[in-house]
Amino acid sequence: MDADVLVLGSGAAGLMLALKSADRGADVLVVTKRRADDTSTNWAQGGVAAVFDPQDSLRQHERDTLRCGAGLSMPGVVRRVVGEAPERVRELEALGVVFSRTRGGLALGREGGHSQRRIVHARDFTGQAIEQALLARVRAHPRIRLVEDQLALDLILESRMRVAARRQRRERCWGAYVMDCRPAPGSRARIRPVLARVTVLATGGCGKVYLYTSNPDVATGDGIAMAYRAGVAVENLEFVQFHPTCLYHPEAKSLLLTEALRGEGARLRTLDGRRFMPGVHAMAELAPRDVVARAIDRELKRRGETHVLLDVTHLPPGRIRARFPNVYSGLRRFGFDLTREPIPVVPAAHYMCGGVRAALTGRTAVAGLLAVGETACTGLHGANRLASNSLLEALVGAHHGAAEAVRQARRAPPAPRAEPWHAQGTHPPLETVVFDHHWGAVRRLMWDLVGIVRSDQRLLYAARLLELLREEIELDYARLRLSRDLVELRNIALVGGLIVESARRRRESRGLHFNLDHPRRERRYDGRSLLLRRHGDGRRARRLAAPANGGL
Ligand SMILES: Cc1cc2nc3c(=O)[nH]c(=O)nc-3n(C[C@H](O)[C@H](O)[C@H](O)COP(=O)(O)OP(=O)(O)OC[C@H]3O[C@@H](n4cnc5c(N)ncnc54)[C@H](O)[C@@H]3O)c2cc1C
């Protein structure tokens with residue numbers, strides 16, 4: 001046994017769960033596919049939503065969250081998460097995170113969809129402050145090992161072990177197959193089974209499924225893909241949040257201009273300088289993100305322009321520089337001065353509201369498998385995420401997930417022996433041009449056909465194209481020597497397909513999902529979310545006699 005608890009991912013969810021499990025006496029192994037701080041957490045600018053202002057109340061935070069979730073958030077989950085927020089923030093402070101303060105206490109920002117100021121932040125480096133504090137604690141903990149450049153490929157399932165110890169009714173997870181991606185001259189990437197009593201998917205989101213995204217390169221939906229392949233239900237994947245304001249610049253991969261800028265008074269304008277949000281929503285630029293993103297999309301399509309402008313030039317420059325040093329210096333690198341000129345922006349894929357179906361404790365339908373953070377769908381966000389509720393969900397999920405992980409680890413039966421990874425007959429790819437093409441093709445078609453505004457025709461077209469691409473990618477996966485690129489490509493293609501399938505099944509518009517052919521919200525879908533589970537892939541499997549790498 002390599003660990004009591006194997007955590008896949010080193011963002012806020014994974015690190016906090018690791019710390020709390022280890023504090024309860026578990027031996028924890030954290031593996032992460034690149035550098036430890038290559039996470040969305042590290043990039044978060046805005047902050048953590050929590051009620052601290054005496055004018056504010058838990059009831060109002062709950063109401064804002066439920067309103068944003070458009071009928072699909074689970075009220076019990078919302079109440080619990082919102083209610084625990086102040087405690088989780090204080091806990092971060094105790095772990096060394098230094099949040100911005102005013103004389104009266106914590107400085108509170110405002111973001112779209114929030115009726116009050118309640119965003120706890122560390123200037124605009126909030127995520128980095130959290131990530132670094134947690135990493136320092138994890139690295140110093142005697143019961144935790146953290147290994148970088150370890151890519152989890154698939155879960156080890158009891159039903160697929162040749163000599164299953166006990167055939168139980170309920171599927172059980174015993175760890176994951178992990179590829180060591182550390183450069184080792186002359187040797188191939190090594191893939192080995194890592195055995196654990198409990199495995200935690202804390203693998204973050206899937207923004208890389210789309211051509212334009214605010215997410216880091218690691219966000220390829222691996223946790224969702226692994227869970228789906230293991231037969232675990234995934235849900236609400238049609239609800240992809242597009243952040244309205246990413247820098248529009250040919251060389252900027254994913255520079256986000258935080259919503260807090262609009263909270264401080266930033267205005268959106270078309271290229272001729274006209275403000276358009278006041279005519280769209282009573283909260284103007286502070287309307288929920290989906291409303292703002294759709295309004296920008298509409299202006300771009302109507303006017304045939306590539307971007308709109310975000311303008312803070314009417315605000316005091318000193319205040320902007322002091323409050324947003326991260327955004328300010330990021331923009332300076334591309335030659336923009338935020339305080340002097342309006343900045344070109346476009347929407348980009350930002351956050352996955354759906355994911356692996358899990359309780360707030362991370363519990364999934366598979367024994368020994370938990371999902372926490374952005375990978376999980378706990379019922380908090382419903383059809384749309386309220387800004388800065390996601391770091392909060394990761395922290396609350398990790399808190400309860402640790403207790404669940406330790407409980408399950410203590411009760412786990414003795415582990416059976418895991419099969420080694422089967423890669424016989426695979427060979428190195430002759431060239432990588434085909435992978436590069438498929439990467440671009442998947443992301444482009446998702447952007448063009450499954451973006452902010454959808455239609456039946458576009459979704460059907462996307463489904464057909466993705467099926468073709470996935471068939472080719474699966475064949476490559478089953479016969480080629482694996483690389484990180486190929487593994488991630490397979491995952492974005494699968495998750496893209498699942499997003500399309502979920503979007504096609506929802507024959508209404510709600511929250512983040514807007515379909516021109518079904519523009520209204522339908523009562524028959526109230527309180528229901530859509531689940532997808534894997535069925536056999538027999539047709540494809542017949543094309544190769546003995547597929548390797550767990551492919552097909
Ligand atoms: C630019 C930006 C700004 C944001 N701002 C805010 C904000 O202000 N407030 C807020 O609440 N939310 C914000 N969010 C969202 C928030 O940051 C994320 O939802 C949250 O950090 C997710 O945490 P996580 O631990 O679930 O995942 P992450 O922090 O993304 O960590 C995922 C980890 O899993 C690892 N991983 C992935 N696949 C594998 C694999 N196959 N094998 C091994 N390791 C793997 C990754 O390498 C990474 O270490 C922002 C997101 C972005 C991108």
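Asp-4 is in contact with Gly-25, Ala-26, Asp-27, Ala-196, Arg-197, Val-198 and Ala-409, leaving aside neighbours within four places in sequence. Contact here means heavy atoms within 4.5 Å. The model is a predicted one: local features need pLDDT of at least 70, side-chain atom pairs count only at pLDDT 80 or more, and totals for chains, interfaces and linings use all residues. Residues are numbered from 1 along each chain as its sequence is written, and side-chain values use heavy atoms, with hydrogens and water left out.

Asp-4 sits in strand E1 (residues 3-8). Helices (H or I, at least four residues) and strands (E, at least two) are DSSP runs, numbered from the N terminus. Asp-4 counts as buried, at 18% relative accessibility. Buried means under 20% relative accessible area, exposed means over 50%, and partly exposed lies in between (1.4 Å probe, protein chains only). The side chain of Asp-4 reaches the backbone nitrogen of Asp-27 at 2.8 Å. It also makes a polar contact with the side chain of Arg-197, again listed at 2.8 Å. A polar contact is a pair of N or O atoms within 3.5 Å; within protein, one must be able to donate a hydrogen and the other to accept it, and residues adjacent in sequence count only if both atoms are side-chain atoms.

The largest nonpolar core has 80 residues. Such a core is a set of buried Ala, Val, Leu, Ile, Met, Phe, Trp, Tyr and Cys residues joined through side-chain atoms within 4.5 Å. Leu-155, Leu-201, Tyr-210, Met-446, Val-450 and Ile-499 have the most contacts inside it. Helix H14 (residues 484-505) gives the most to this core, with 11 residues. Met-446 touches Val-209, Tyr-210, Gly-451, Leu-466, Gly-496, Ile-499 and Val-500, not counting residues up to four places away in sequence. A second, separate core holds 54 residues. Leu-19, Ala-122, Ile-144 and Val-198 are among them.

Arg-443 lies in helix H12 (residues 433-449). Its relative accessible area is 13%, so Arg-443 is buried. Beyond its neighbours within four places in sequence, Arg-443 is in contact with Lys-208, Val-209, Tyr-210, Leu-211, Thr-213 and Ile-492. The side chain of Arg-443 reaches the backbone oxygen of Leu-211 at 3.1 Å. The C-alpha atoms of Arg-443 and Val-120 are separated by 34 Å, and these residues are 323 apart along the chain.

Charged pairs come next. Side chains of opposite charge can pair when their charged atoms come close. The count comes to 47 salt bridges. A salt bridge is a side-chain nitrogen of Lys or Arg within 4 Å of a carboxyl oxygen of Asp or Glu. Arg-490 and Asp-154 meet in one of these, at 3.7 Å from N to O. Arg-490 lies in helix H14 and Asp-154 in strand E9 (residues 150-157), so the pair ties together parts that are 336 residues apart in sequence. Both partners count as buried: Arg-490 is at 3% relative accessibility, and Asp-154 is at 10%.

Asp-180 and Arg-190 form another salt bridge, at 2.8 Å from N to O. Asp-180 belongs to strand E10 (residues 173-180) and Arg-190 to strand E11 (residues 190-201), 10 residues apart. Asp-180 is buried, at 10% relative accessibility. Salt bridges that share partners also join Lys-20, Glu-84, Glu-87, Arg-88 and Glu-91 into one network. In the pair of Glu-148 and Arg-139, the closest N and O atoms are 3.4 Å apart. Glu-148 is partly exposed, with a relative accessible area of 27%. Arg-139 counts as exposed, at 51%.

The structure holds zero disulfides. A disulfide is a pair of cysteine sulfur atoms within 2.5 Å. The sulfur of Cys-246 is 15 Å from the closest cysteine sulfur, in Cys-206, and so is too far for a bond. Cys-246 is buried, with a relative accessible area of 4%. For Cys-377, the closest cysteine sulfur is that of Cys-353, 8.3 Å away and too far for a bond. Cys-377 is also buried, at 5% relative accessibility.

A backbone N or O atom of Ser-10 lies 3.0 Å from a ligand oxygen atom. A polar backbone atom of Ala-152 is 2.9 Å from a nitrogen atom of the ligand. A polar side-chain atom of Ser-388 lies 3.3 Å from a ligand nitrogen atom.
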